[in-house]
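Hi there,

Here is the structure I promised to pass on.

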Amino acid sequence: MIKPELLAPAGDLIKLKTAIDFGADACYIGGEEFSLRTASDNFSFEDMKKGVEYAHSRGKKVYAACNIVARNEDVSRFEEYIKKLYDTGVDAVIISDLGMFMMCKKIVPKLGVHISTQANITNYETCKALYELGAERVVLARELSLEEIKVIRDNTPKELEIEAFVHGSMCMSHSGRCVLSNY
C-alpha cells in the first residue's frame, strides 16, 4: 500500500513551518492573486520562496492554489504570475478553471498541476479526461463516499494521484458550489 500524503493548509509562513514541523508531508498555500484562500494572509512571492526552501530542506512539498474561476481580465495577468510562481520552486499548482489549466501546461509545462475540489469531480471519466490533458492529481468532490472513491480509483490510471478530504464535505450542497450551501 502507498502511504497517503498528509496535506495541510498554510495561511502564512509561520503556519507552513508549523505544519511541516508537526508532520505534514506537504502544505497548500495561496498567493496574493488567483487564489480562493482570501480569508488567509496569503503569501508574497518572497515568502513563497522561503516556504518552499523550508519545506524542501525537510523533504516536504508545497502546492500553490490558483483555483479561481477566471474572468477575462485575469487571463492577461496569469502568464506573468504563473512564471513567477514557477520560479519560487512550488511543486505544483491547484487549479479549477480549465482555461487556466491549459495556460499553465503551455507556459510552464514542467510544473505539476492538481485539479481543485472546486472543479467538483465526481466521476472517473472526468478524472481520465483531466489526466489525459496533463493533470497529475485530482482532488475529488468532498461529498463522495468511500465506495464512490473506490470506483473512481478502480477505473482510472494508477499514475493519476487521487486526493480526498478526510473530513468529508463541509458544504451541505456540492464541492465548489459553496454559495448554494451558504444560502
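**How α3 and α4 pack**

The crossing of α3 over α4 is right-handed. Before I go further, please keep in mind that this is a predicted model. Helix α3 covers residues 72-87 and helix α4 covers residues 98-107; their axes lie 10 Å apart, at an angle of about 40°. Angles under 35 degrees would count as roughly parallel, so with this angle α3 is oblique to α4.

On the α3 side, the residues that take part are Asp-74, Val-75, Phe-78, Glu-79, Ile-82 and Lys-83, and they meet Met-100, Met-103, Cys-104 and Ile-107 of α4. Sorted by class, this contact has seven nonpolar and three charged residues, with no polar ones.

Leaving aside residues up to four places away in sequence, Lys-83 touches Ile-107 and Val-108. Lys-83 and Cys-104 are 21 residues apart in sequence, and their C-alpha atoms are 8.9 Å apart in space.

**The chain as a whole**

Stepping back for a moment, how many helices and strands does the protein chain have? The count is seven helices and seven strands. Read from the N terminus, the elements follow the order β-α-β-α-β-α-β-α-β-α-β-α-β-α, which you can trace along the model.

The protein chain has 183 residues, and 45% of them count as buried. Its accessible surface comes to about 10300 Å², with 55% of that belonging to carbon and sulfur atoms. As for contacts with a separation of 6 or more, 58% of them are between residues 24 or more positions apart.

**α1 against α2**

The other helix pair I looked at is α1 with α2. Helix α1 takes in residues 13-21 and helix α2 residues 45-56; the two axes come within 10 Å and cross at roughly 10°. An angle of that kind makes α1 roughly parallel to α2.

Which residues of α1 and α2 meet? From α1 there are Leu-13, Leu-16, Lys-17, Ile-20 and Asp-21, and from α2 there are Asp-47, Lys-50, Gly-51, Tyr-54 and Ala-55. The class count for the contact of α1 with α2 is five nonpolar, one polar and four charged residues.

Tyr-54, in helix α2, is a handy way into this pair. Is Tyr-54 buried or exposed? Its relative accessible area is 15%, so Tyr-54 is buried. Not counting residues up to four places away in sequence, Tyr-54 touches Leu-16, Lys-17, Ile-20 and Asp-21. Leu-13 is 41 residues from Tyr-54 along the chain, and the C-alpha atoms of the two are separated by 9.5 Å.

**In and around α5**

Apart from residues up to four places away in sequence, Cys-127 touches Ile-121, Val-138, Leu-140, Ile-152, Thr-156 and Leu-160. Between Cys-127 and Ile-162 there are 8.9 Å from C-alpha to C-alpha, while in sequence they are 35 residues apart.

Thr-126 lies in helix α5 too. The C-alpha atoms of Thr-126 and Thr-156 are separated by 9.6 Å, and the two threonines are 30 residues apart along the chain. Thr-156 is also one of the residues that Cys-127 touches.

Finally, Asn-120 sits in the loop between β5 (112-115) and α5 (124-133). Asn-120 is not a glycine, yet has a positive phi of about 60°. What is the relative accessibility of Asn-120? The value is 18%, so Asn-120 counts as buried, since the limit for that class is under 20%.

That is what I have for now. Happy to look at any of these places together with you.

Best wishes

Terms used: Residues numbered from 1 in each chain as written. Predicted model: local features only at pLDDT ≥ 70, side-chain atom pairs only at ≥ 80, totals over all residues. Heavy atoms only, no water. Axes fitted to C-alpha atoms, helices over the stretch in contact; angles between N-to-C directions. Helix = DSSP H or I, 4+ residues; strand = E, 2+ residues; numbered from the N terminus. Parallel < 35°, antiparallel > 145°, perpendicular 65-115°, else oblique. Left-handed = near helix turned anticlockwise from the far one by under 90°. Contact = heavy atoms within 4.5 Å. Nonpolar A, V, L, I, M, F, W, Y, C, P; charged D, E, K, R; others polar. Buried < 20%, exposed > 50% of the residue type's maximum accessible area, 1.4 Å probe, protein only. Areas by Shrake-Rupley, 256 points an atom, 1.4 Å probe, with all protein chains shown as cover.
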